[in-house]
Amino acid sequence: MTEPTLTLRGVAIYKGWLSPGVQAAMVEELRGVVAEAPLFAPVTPSGKPMSVRMTAAGRYGWVTDRRGYRYEPRHPDGMDWPAIPENVLAIWRTLASETRLPDCCLVNHYTQSAKMGLHQDRDEADFSWPVLSVSLGDDALFRIGNTTRGGPTESIWLNSGDVLVMGGAARLVYHGIDRIRAGSSSLLRGGGRINLTCRVVD
Ligand code: MD3
Ligand code: FE
């Protein structure tokens, strides 16, 4: 059994799970994903532009626009999403499930001013499957709350190569990214942060 470095409100945190070499190889794979399915600027259902840019790999991608939050089998430009890179699936098999692979690997790109407000991930059909997140590039201040809105929160800095697994009660906890520490990593040419979030969708 693989033990996490620490557990925060049920979220298993594997600090430095990915070696620098594996991180660099993953970035190369993601360059291929972004070449096929370009990063786009999502808009919330209320019309607010999000500060992160997104794309995805897998059978589905998560999208948001004026029509709402949902999973779609195609990129907003009409193409199929690329396959989830094998080195990402390998982490899922080790830390999340060997029974079922993820349907979606969401790719979030953060510049130094980007953030993500507290929210729940609840657009999936079955919350019994875990969610797995991989951090690459600049450090990010991650905040975790409760399974209902409000109440006390806790924060932790995520570094490049960290992997998080959200299962059980933690699957529906409020979470977000408050800030990015610009220049803290040289993994990405041009800086910034990429977060991968793998989910079973349906
Ligand atoms: C805790 N992404 O895409 S990853 C998202 O860093 C998202 O881009 C953030 O939240 C990011 O939905 C946070 C860590 C994370 C992801 C999913 C979770 C934490 C989670 C689902 C449930 C609980
Ligand atoms: Fe989320």
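This is a predicted model: local features need pLDDT of at least 70, side-chain atom pairs count only at pLDDT 80 or more; totals for chains, interfaces and linings use all residues.
Figure 1. Strand 13 (residues 193-199) is largely enclosed by the rest of the structure, because 7 of its 7 residues are buried. In a regular strand the side chains alternate between the two faces of the sheet. Here Arg193, Asn195, Thr197 and Arg199 point one way from strand 13, while Ile194, Leu196 and Cys198 point the other way. Residues of both groups are buried.

**Figure 2. The two neighbours of strand 13.** Strands of a sheet pair through backbone hydrogen bonds, either parallel or antiparallel. Strand 6 and strand 13 run antiparallel and are joined by 7 bridges. Within this pair, Leu196 is the bridge partner of Val107, and Thr197 is the bridge partner of Leu106. Strand 8 (residues 131-137) also pairs with strand 13 in the antiparallel sense, over 6 bridges. In that pairing, Ser133 stands opposite Thr197.

**Figure 3. The largest nonpolar core.** This core has 31 residues. Val11, Met54, Tyr110, Phe142, Leu164 and Ile177 are those with the most contacts inside it. Several strands each supply at least two of the core residues, among them strand 2 (11-14), strand 6 (104-110), strand 9 (139-144) and strand 12 (175-181). A second, separate core has 27 residues, including Leu30, Val88, Leu89 and Val165.

**Figure 4. The surroundings of Ile177.** Leaving aside residues up to four places away in sequence, Ile177 touches Tyr110, Lys115, Met116, Ala140, Leu141, Phe142 and Arg193. Of these, Tyr110 and Phe142 are, like Ile177, listed among the residues with the most contacts inside the largest core. Arg193 belongs to strand 13.

**Figure 5. The iron ion (ligand 2) and its protein donors.** Along the chain they follow the spacing H-x1-D-x53-H. His119 in strand 7 (residues 116-119) and His175 in strand 12 are 56 residues apart, so this pair links distant parts of the chain. His175 counts as buried because its relative accessible area is 17%, and buried means under 20%.

Conventions
Residues are numbered from 1 along each chain as its sequence is written. Chains are lettered from A and ligands numbered from 1 in the order in which they are written. Side-chain values use heavy atoms; hydrogens and water are left out. A nonpolar core is a set of buried Ala, Val, Leu, Ile, Met, Phe, Trp, Tyr and Cys residues joined through side-chain atoms within 4.5 Å. Buried means under 20% relative accessible area, exposed over 50%, partly exposed in between (1.4 Å probe, protein chains only). Helices (H or I, at least four residues) and strands (E, at least two) are DSSP runs, numbered from the N terminus. Contact means heavy atoms within 4.5 Å. Donors are N, O and S atoms within 2.8 Å of the metal (3.2 Å for Na, K and Ca); water is not among the atoms, so sites may look incomplete. Two strands pair if DSSP finds at least two bridges between them.
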